[in-house]
Amino acid sequence: MSKIFTPTNQIRLTNVAIVRLKKGGKRFEIACYRNKVVSWRNKLEKDIDEVLQTHTVFLNVSKGQVAKKEDLIKIFGKDDQTEICKEILEKGELQVSDKERQSQIDSLFKDIATTVADKCINPETKRPYPVSIIEKAMKDIHFSVNVNKSAKQQSLDVIQLIKKEIPLERAQMRVRIQLQGKDARKIRDKVVKLVTNVEDESWDSGTANLICLIDPGSFRNLDEMIRTDTKGNGQFELLNLKEMIEGEQAL
C-alpha cells in the first residue's frame with residue numbers, strides 16, 4: 001500500500017481570518033484570529049501571538065501554500081517571518097465574505113452612532129439625542145463606515161459632518177480650577193481663553209476659585225497649562241464628565 005505524501009511546504013488551517021498583501025508582483029497572505037486584526041491596527045491588542053494563528057507567510061492560506069524563503073528576501077528584504085507578518089498585518093487587506101463584511105459594517109455603524117449620542121447633546125435643549133436620530137443623520141449624509149478604523153475615531157468625523165443636518169455639539173465638562181500666588185491673575189486670564197463659560201468666580205486672599213464649563217478637547221491643554229504655569233501649585237478638578245439634562249430629547 002502506497003504512503004500518502006504531504007508536501008512539507010503546506011500547512012492546513014481552518015476557521016481563519018486572512019490578511020492579503022500584493023507586493024513585488026506576488027500575493028502574500030497570513031492567517032489571523034477573527035476580531036483581532038482590527039484590534040491590532042487600533043493599537044488595542046499589542047501581543048502578536050494573540051493575532052497570528054501561525055508566524056508563517058503564505059502564498060495561499062486556504063491551500064496551505066507557504067511562501068519561499070528566497071521570495072521573502074527578494075521582495076521584503078528579509079526572511080524574518082514575524083516581522084513580515086506584521087507588515088502584511090499593517091498594510092494588507094482583510095479578506096471577509098460579503099455577508100461577514102456587511103454584518104461588520106452594520107455593527108460598526110451602530111457603535112459609531114452610540115458613541116456620538118453618548119458624547120453629544122442638542123445645544124438648544126441640552127439633552128442627548130436618541131441613537132436612532134444619530135443613525136438617521138448618518139444615513140442622510142451617506143456616511144461610509146471604514147472597517148479598519150475604530151468607532152471612537154470615526155465618531156469624531158461624524159460629529160463634524162452631521163452638524164449640518166441637526167443641531168449638535170459636544171457635551172461640556174464642568175471643572176473647578178484653583179490658582180494661587182503672585183501670577184494667579186495672569187494665569188487666570190490665560191485659563192478663561194480656553195474655557196467655554198465661567199459659571200462662578202471668587203477671590204480669597206489672592207487665590208482664584210473658578211467653576212467653568214470646558215470642551216472635552218480642551219481638557220488636556222488646560223491640565224498641562226495649569227500644572228506648568230503654577231509649578232504644580234494650582235488645582236484642576238473634574239466635577240462633571242458630561243454637563244447635560246438627563247433623559248433623551250423628546251421627539
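Which element gives the most to the lining of the largest pocket? I looked it up, and α4 leads with 5 residues.

**Ground rules.** I am working from a predicted model, where local features need pLDDT of at least 70, side-chain atom pairs count only at pLDDT 80 or more, and totals for chains, interfaces and linings use all residues. I number residues from 1 along each chain as its sequence is written, and side-chain values use heavy atoms, with hydrogens and water left out.

**Confidence.** I found a mean pLDDT (the predictor's confidence in each residue, from 0 to 100) of 86, with 90% of residues at 70 or more. Residues 1-7 fall below 50, and beyond near neighbours in sequence I saw 0 contacts (heavy atoms within 4.5 Å) for this stretch.

I noted a volume of about 510 Å³ for the largest pocket. Here a pocket is an open set of points on a 1 Å grid over the protein atoms alone, where a 1.4 Å probe fits, with protein on both sides within 12 Å along at least five of seven lines; lining residues have an atom within 4 Å of a point. The volume is the space filled by probe spheres set on the points, which are joined across faces, edges and corners. I listed 22 lining residues, with N35, V38, S39, Q104 and V147 nearest the centre. Elements giving two or more are α1, α4 (98-119) and α6 (151-162); helices are DSSP runs of H or I, at least four residues, and strands are E runs of at least two, numbered from the N terminus.

**I88.** Leaving aside neighbours within four places in sequence, I found I88 in contact with V19, L21, F28, I30, R41, V57 and F76.
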